[in-house]
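Me: I would like to go through this model by question and reply. Please show it before we start.

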Amino acid sequence: YWYKGLTKPHPAKRRPYGPVIAALKEKGAAAAVQAYLDVRRTHPDDWWFDDLGLMLMGRRLARMEKFADATPFLEACIREYPGSEGAFASHRVLAVVCEKQGDRVGARRHLATYLEHFPKDEAARTKLAELEGGPKP
């Protein structure tokens, strides 16, 4: 059920994964994000666009440890859908990406922003305290 909801959340429309993945393979992450934005602008009624599409693509790339490819997707989600659940989830993923790349300041910043929306996430609070060098709550 959840898988179908994420891959085909709208009964008559699909997410624009095909054109985006083709651009990613051919030209890289920045071009793929631009392809998403172009399709959204030129064919908004042909595809399903929401805050989760970009976040899911970025999160998948991050899990594959393709951090340089993941980052533009996650940043675009934050920029294009500010205040959305997908944007805050993107901050959470970017915190992990930043930490794995040695950017503790960026990791703290993204984690703090994520916690503004999900203040009860104890694992994130513990991680933020660890990144700040303090005791774990």
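This is a predicted model: local features need pLDDT of at least 70, side-chain atom pairs count only at pLDDT 80 or more; totals for chains, interfaces and linings use all residues.

Me: How many helices and how many strands does the protein chain have?
Reply: Read along the sequence, the pattern is α-α-α-α-α-α-α-α. The secondary structure of the protein chain therefore comes to zero strands and, by the DSSP runs, to eight helices.

Me: What share of the residues of the protein chain counts as buried?
Reply: A residue is buried when its relative accessible area is under 20%. The protein chain has 137 residues, and the share that counts as buried is 42%.

Me: How far apart are the end C-alpha atoms of helix H3?
Reply: Helix H3 covers residues 29–42, which is 14 residues. At 1.5 Å a residue these should span 20 Å, and the model agrees: the distance is 20 Å.

Me: Which helices do the buried residues of H3 pack against?
Reply: The buried residues of H3 include Ala 32, Tyr 36, Leu 37 and Val 39. The buried set packs against H2, helix H4 (51–63) and helix H5 (67–80).

Me: Is Pro 16 buried or exposed?
Reply: Pro 16 lies in the loop between helix H1 (2–7) and helix H2 (17–27). Its relative accessible area is 1%, and the cut-off is under 20%. Pro 16 is therefore buried.

Me: Which residues does Pro 16 touch, not counting residues up to four places away in sequence?
Reply: The C-alpha atoms of Pro 16 and Asp 46 are separated by 9.0 Å, at 30 residues apart along the chain. With those sequence neighbours left out, Pro 16 touches Tyr 36, Val 39, Trp 47, Trp 48 and Phe 49.

Terms used
Residues are numbered from 1 along each chain as its sequence is written. Side-chain values use heavy atoms; hydrogens and water are left out. Helices (H or I, at least four residues) and strands (E, at least two) are DSSP runs, numbered from the N terminus. Buried means under 20% relative accessible area, exposed over 50%, partly exposed in between (1.4 Å probe, protein chains only). Contact means heavy atoms within 4.5 Å. The expected span of a helix is 1.5 Å times one less than its number of residues.
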